Amino acid sequence: MLLGAWELRASSQSPYFPPPSTWVDGLGDLWRNGVLRPAAVQTLSTFAIALAVATAFGTLVGLVVGASRTADRALGPTLEFARAMPPAAVVPVATLLIGYDATMKVAVVTFAAVWSILLNTRSGVRSLDPVLLDTARCLRLKPLDRSRKCVLPALLPSIFLGVRVAAPVALVITLLVEIVTRVDGIGALIATAQRNYLAGQVYGLLLVAGLFSFLVNGVVSALQAYAFRNRPGYH
């Protein structure tokens with residue numbers, strides 16, 4: 001209803017609030033010019049690679065600082081300092097060290113997404129049931145089997161909680177980095193359309209970004225449901 005009222009009341013010449021029909025026209029122009037699909041692939045691939053790296057790195061470091069008080073005390077101040085740093089402040093440093101390319105985008109997005117996974121994994125390790133670990137020792141499981149059969153399954157809820165928090169952050173930071181640096185992606189198209197006063201394209205690209213958030217949430221929920229498919233009480 002809101003979009004219908006907007007379509008009826010707005011002027012196609014409005015530079016700020018163009019009707020939704022102009023959004024479709026703007027996206028159609030980008031599609032016909034062959035730039036919309038490559039930009040969407042760039043944004044989604046950057047997001048997926050960065051989230052995968054953040055999950056692996058955050059889980060590994062979270063295991064170390066959660067299992068060892070000494071490692072937690074040694075790394076704690078550095079981690080707290082890095083966690084408080086805004087991702088936008090990291091962009092100039094990453095640009096100087098890596099350059100204006102997709103690797104720089106992945107590095108910045110990974111930096112922004114890793115903290116919730118790391119901290120949730122650390123909390124999960126510290127809250128492990130001692131009986132579970134004692135049972136693994138009584139069964140004389142090897143370290144690899146103990147991690148694979150006891151520790152990792154018990155930590156999955158904490159890891160997935162961190163991933164669910166990190167996923168929307170990673171998507172937002174991906175678009176932000178593309179807008180700031182103009183490296184290929186949906187964010188770069190938004191910045192270009194804004195600079196050229198193409199309000200219809202800007203709104204259309206924001207709609208695409210919103211659809212990405214639905215896609216990301218659906219994929220993460222599907223992965224979580226698959227990982228927990230054999231757990232009683234999980235639906």
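Biologist: Hi! Before we count anything, what is a salt bridge here?
Modeller: A side-chain nitrogen of Lys or Arg within 4 Å of a carboxyl oxygen of Asp or Glu. Keep in mind that this is a predicted model.

Biologist: Fine. How many salt bridges does that rule give?
Modeller: The count comes to seven.

Biologist: Which residue does arginine 122 pair with?
Modeller: Its partner is aspartate 72, with the closest N and O atoms 3.1 Å apart. The pair links distant parts of the chain, 50 residues apart: arginine 122 sits in helix H6 (residues 102-126) and aspartate 72 in helix H4 (residues 69-83).

Biologist: And is that arginine 122 buried or exposed?
Modeller: Arginine 122 is buried, as is aspartate 72.

Biologist: What about aspartate 134, what does its side chain meet?
Modeller: Arginine 137, in a salt bridge of 2.7 Å from N to O. Both residues belong to helix H7 (residues 130-138), three residues apart, or about one turn of the helix.

Biologist: Why is aspartate 134 called partly exposed?
Modeller: Because its relative accessible area is 38%, and partly exposed covers the range between under 20% for buried and over 50% for exposed. Arginine 137 also counts as partly exposed, at 49%.

Biologist: Switching topic: which residues form the nonpolar patch on the surface?
Modeller: Val93, Leu96, Leu97 and Ile98, which together have about 440 Å² of accessible area.

Biologist: Where is leucine 96 found, and why does it count as exposed?
Modeller: Leucine 96 is in helix H5 (residues 87-98). It counts as exposed because its relative accessibility is 76%, and the cut-off is over 50%.

Conventions
Residues are numbered from 1 along each chain as its sequence is written. This is a predicted model: local features need pLDDT of at least 70, side-chain atom pairs count only at pLDDT 80 or more; totals for chains, interfaces and linings use all residues. Side-chain values use heavy atoms; hydrogens and water are left out. Patches are made of residues with over 30% relative accessible area and no salt bridge: like charges are joined within 9 Å, nonpolar side chains (Val, Leu, Ile, Met, Phe, Trp, Tyr) within 5 Å. Accessible areas come from the Shrake-Rupley method with a 1.4 Å probe; for residues, only the protein chains shown count as cover. Helices (H or I, at least four residues) and strands (E, at least two) are DSSP runs, numbered from the N terminus. Buried means under 20% relative accessible area, exposed over 50%, partly exposed in between (1.4 Å probe, protein chains only).
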